[in-house]
Amino acid sequence: MANKTDLISVNKLKVNFRNNTEIARAVDGVSYTVRREETVCLVGESGCGKTVSALSILGLIDSPPGEIVSGEILFAGKNLLKLGEQELQRIRGNHISMVFQEPLTSLNPVFTIGDQITEAIRIHKVIAPDELYERCIQLLKDVGITAPQERFNDYPHQLSGGQRQRVMIAMALACDPELMIADEPTTALDVTVQAQILQLLKSLQRSRSMSVLYITHDLGVVANIADRVYVMYAGIIVEQAYTYQLFHHPRHPYTQGLLASLPNLSKRGQRLYSIPGTVPNPAHKPPGCPFHPRCPFAIDNCRIQCPEMCNYGNEHLARCPVLYEKNPDI
Amino acid sequence: MNLEKKTSQPDFQLERPMAPKSSQIKEFWLVFSNNRLAIGGMIIFILFFCSALLGLFLTSGPDPIFDPAQIRLQEKLRPPLAKANLDTLRPEEVPRMGIYFFGTDDLGRDVFARMLQGAWVSLTVGFVAVGIAILIGIFMGGIAGYFGQHYLGAVSIDTLIMRIVDIMLCFPSFFLILTVVALLPASIYNIMIVIGLTSWMGTTRFVRAEFLSLREQDFVVAARALGVNNFRIIFRHMMPNAIAPVLVSATIGIATAILTEAGLSFLGFGVPPPHATWGNILSDGKRFIFDAPWLTFIPGIAILIVVLSFNLFGEGLRDSLNPKLRQRR
Amino acid sequence: MSFTNLKMKSIHTHNPVILKVEGLKKYFPLRRGFFQRLAGKVRAVDGVSFEIEQGKTLGLVGESGCGKSTVARLILKLLESDEGKIFYQGQDIQTFSEKKMKPLRKKMQIIFQDPFGSLNPRMTIGQTIEEGLRILGIQNRQQRKARLQKLLEMVGMSAHSADRYPHEFSGGQRQRIGIARALSVEPDLIICDEPISALDVSIQAQIINLLNDLQDKLGLSYLFISHDLNVVGYLSHKVAVMYQGQIMEYAPADRIFENPQHPYTLALLAAIPNIRINQKKDKENKLKVLGGEPPDPLNPSPGCKFQTRCPFAESHCRKNEICLKEISKEHFIRCSRAL
């Protein structure tokens with residue numbers, strides 16, 4: 001599996017959260033890789049463990065209640081889970097950076113935009129003040145903020161949501177990271193602004209030849225931005241494929257169900273397909289395949305044993321042996 | 001893959017609740033019971049409550065079991081756990097079990113009996129004063145929060161009430177109480193009422209803030225859209241959701257009221273003399289602090305423990321009633 | 001399925017109008033500084049007119065802050081409007097007092113976006129729904145219980161749910177309960193304020209289907225407020241596109257999607273990420289990006305509100321207020337390009 005261009009690979013990661021009475025297996029043996037210069041999407045519903053798995057890359061899981069049980073995260077030959085806090089600190093922001101969902105709360109309201117970006121650079125680099133300023137302005141320009149010299153001294157509340165998210169991206173770019181993790185960066189934004197930000201991320205990814213791990217629940221966004229996709233459900237990856245493959249030949253009942261249940265004008269008048277039931281509570285997951293209570297294809301074995309990934313070739317894997325037996329190749 | 005055709009059965013398998021049934025009290029207890037300090041506070045709270053109630057029965061009536069007013073000058077300033085000198089006492093003067101559990105004071109009165117009597121005073125002062133404060137606070141806060149945007153002439157109701165609160169907060173309340181108590185005939189009821197009337201402002205602010213945020217909550221809007229009347233919205237929808245922080249502040253408020261009463265009694269403005277309170281036991285004892293330190297320490301430590309336990313209990317309540325903390329999965 | 005045919009046919013047939021809104025306006029005063037000086041007015045809703053036919057759905061689309069939720073609250077008279085008229089079955093309810101409004105409250109209900117805030121955490125599901133039944137005037141306890149069970153069943157919840165508290169349910173289930181509460185008073189019109197946007201993707205379709213089924217069974221009318229054009233396109237008979245407190249385009253759903261006329265509608269449609277992608281890499285899948293920022297709602301410049309972002313804006317767009325014009329039958333746009 002080890003590919004030469006692998007930038008980061010997460011192997012069989014397991015993360016639990018515990019409270020007084022229960023243990024929630026938030027991430028339950030997840031493996032994925034992000035290669036150099038590609039955009040990978042982790043897609044899944046709330047509580048499927050997509051954010052948790054990304055936060056564990058940066059060692060940002062609070063413990064307690066969180067606890068990384070097993071697995072490894074290899075980045076540049078090092079296992080990030082084994083590193084100390086100081087070594088992680090050097091990697092955070094510098095080699096791997098993160099953009100969060102809420103542009104309102106992820107900027108500190110009492111500092112100016114300029115302060116916060118220069119700070120992001122200064123943590124990792126020693127730079128002369130005027131050069132620092134130049135770099136900041138350049139960063140703001142890069143993320144498409146008009147009149148960056150004026151914006152430099154603005155406070156976060158003076159910017160619109162889209163601009164704030166741009167500033168967040170500028171901060172994430174501050175040290176030219178190799179990997180940017182974007183956790184639902186457009187969910188809180190309007191569609192037209194979302195389109196701007198997606199466009200920006202795409203062009204930045206290309207111009208800076210970095211990799212992006214993009215976390216979202218929105219299949220439309222996935223289709224638009226991703227090179228490869230991992231679909232998560234209840235703490236496990238149920239399907240992985242190149243984007244085109246996934247949308248045109250989904251191989252897991254969950255992915256199929258999600259795609260079929262998206263409404264649009266052309267489905268008018270037809271009844272929408274809907275996946276019955278609800279997303280399982282991470283603390284009370286069903287045994288066997290976690291999707292079986294909602295799956296139209298479930299057989300007895302699904303209730304007992306969580307299936308392995310079935311390989312459809314061309315890096316298209318899906319965790320459903322039932323469909324695989326019916327139709328192993330395209 | 002023709003998923004649409006595959007499943008003709010609709011998505012109507014009836015939905016059942018996700019989580020197993022659990023009452024809110026049970027969940028509250030789960031969090032609360034993990035907080036040892038709060039549990040300790042609650043146990044002392046209950047002990048104090050029981051002993052105060054018991055104290056009322058044991059120290060009152062025509063022939064009390066522990067007589068707090070019995071003067072035995074020949075037995076003055078006996079240390080704690082001292083045996084009564086049976087030779088010098090008349091039979092009706094002999095303390096129960098022939099022992100002074102907490103010693104005697106300068107008039108030879110049994111400090112244990114006096115502490116029991118004082119416990120009841122502290123308890124009632126605490127509860128009645130805070131009860132008054134809470135009632136006023138909920139009423140004022142509720143009006144300010146719910147009807148605040150209505151105008152009375154030039155100012156809105158909210159502005160009016162909150163400015164009254166500000167003015168009340170400007171007075172140093174202890175001195176206000178001192179003044180009022182000096183003017184009124186000294187009685188335990190006056191003290192309760194005065195303490196209550198000067199400590200409702202915090203609750204008002206709490207309740208107003210809660211109501212303001214609850215007003216905007218969707219379930220309240222839904223109730224309004226259904227045509228539920230104001231009375232029911234306030235008491236059925238908003239109050240139960242606003243009561244938790246009030247309860248917390250009440251618990252801590254009781255501690256403050258007990259302290260205030262003790263302070264007043266210490267200064268001699270409290271409950272009139274023959275009646276014992278922890279404050280005046282402390283006050284009487286201060287003259288003998290070197291000869292009879294127990295007269296100062298026993299009521300002092302009792303006040304400390306009770307106030308501390310109420311505060312710990314209140315903090316514990318706050319932590320376990322806080323829905324943000326509780327909804328964490 | 002019979003109802004689908006009915007629905008397809010009904011898109012161009014006309015039913016009596018159940019709700020009509022005319023020139024609705026709501027300006028929020030904005031106070032700033034220590035002395036709460038009046039700093040200006042935010043034109044949240046600035047002259048909105050539309051009508052909803054019985055048994056039909058009107059989709060109200062717009063981005064956050066365009067005033068669509070305010071419209072919902074104005075119609076329900078949870079907020080007092082500054083100007084304009086609201087006709088419910090021909091009666092102008094704008095002038096109604098709270099007392100006179102009471103019987104009408106039952107006829108119009110609302111479903112909310114946030115399934116976590118829309119149910120009282122201290123009341124059981126049964127108590128919440130029964131409150132509506134009591135208002136409906138069902139005094140008999142047995143009858144209420146029976147009706148409650150029926151309502152729960154109608155929204156796809158088991159009857160056991162009645163004595164549970166909201167925190168025991170998932171988001172989608174709570175949304176169903178919210179719908180049951182709205183249905184408890186037997187309304188004619190339900191205002192759905194982004195009812196699915198806070199739900200998981202796999203749950204959204206369930207709720208959409210539920211809303212559709214209920215419309216079919218009970219003949220409900222919906223005002224469906226959303227920022228998601230796909231959903232609105234699927235559900236609505238007519239669509240109104242809102243921007244900065246004004247309706248920019250108003251037409252039957254199929255025409256809005258097949259033949260959009262207003263530049264803003266075009267931009268919105270172009271910004272939706274499409275899941276129908278081409279294999280030839282992402283160059284063809286590029287989103288058409290609308291530049292610019294929305295105007296400051298405090299001091300809007302004269303003329304068209306969309307001028308700051310409009311690719312076709314001309315000098316006269318910056319001067320004159322532009323009205324809604326009918327460009328073809330039942331298709332209105334607010335744009336100077338409409339002739």
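## Strand, helix and chain contacts

In this predicted model, I8(A) stands opposite F75(A), a residue in strand 4 of chain A. Strand 1 (residues 6–18) and strand 4 (residues 66–75) of chain A pair in the antiparallel sense over eight bridges.

**Sheet of chain A**
- The sheet is open and has four strands in the order 2-1-4-5, with antiparallel pairing.
- Strand 2 (23–35) and strand 5 (78–79) of chain A stand at the edges with a single partner strand each, so one side of each has no neighbour in the sheet.
- Helix 1 (residues 50–57) of chain A lies across strand 1, strand 2 and strand 4 of chain A, and runs at about 115° to strand 1 of chain A.

**Helix pair in chain B**
- Helix 3 (residues 36–59) and helix 12 (residues 294–321) of chain B pack with their axes 7 Å apart, at an angle of about 130°, and are therefore oblique to each other.
- Helix 3 of chain B passes helix 12 of chain B in a left-handed crossing, with a contact that includes F45(B) and F48(B) from helix 3 and F310(B) and F313(B) from helix 12.
- By class, this contact has 11 nonpolar, four polar and one charged residues.

**Contact of chain A with chain C**
- In chain A, 39 residues are in contact with 37 residues of chain C, and the largest share of the side of chain A that touches chain C, seven residues, comes from helix 7 of chain A.
- The residues of that side of chain A divide into 17 nonpolar, 17 polar and five charged.

Technical notes. Residues are numbered from 1 along each chain as its sequence is written. Chains are lettered from A and ligands numbered from 1 in the order in which they are written. This is a predicted model: local features need pLDDT of at least 70, side-chain atom pairs count only at pLDDT 80 or more; totals for chains, interfaces and linings use all residues. Axes are lines fitted to C-alpha atoms, for helices over the stretch in contact, and angles run from 0 to 180 degrees between N-to-C directions. Helices (H or I, at least four residues) and strands (E, at least two) are DSSP runs, numbered from the N terminus. Angles under 35 degrees count as roughly parallel, over 145 as roughly antiparallel, 65 to 115 as roughly perpendicular and the rest as oblique. A crossing is left-handed if the near helix is turned anticlockwise from the far one by less than a right angle, and right-handed if clockwise. Two residues are in contact if their C-beta atoms, placed from the backbone, lie within 7 Å. Ala, Val, Leu, Ile, Met, Phe, Trp, Tyr, Cys and Pro count as nonpolar, Asp, Glu, Lys and Arg as charged, and the others, Gly among them, as polar. Two strands pair if DSSP finds at least two bridges between them.
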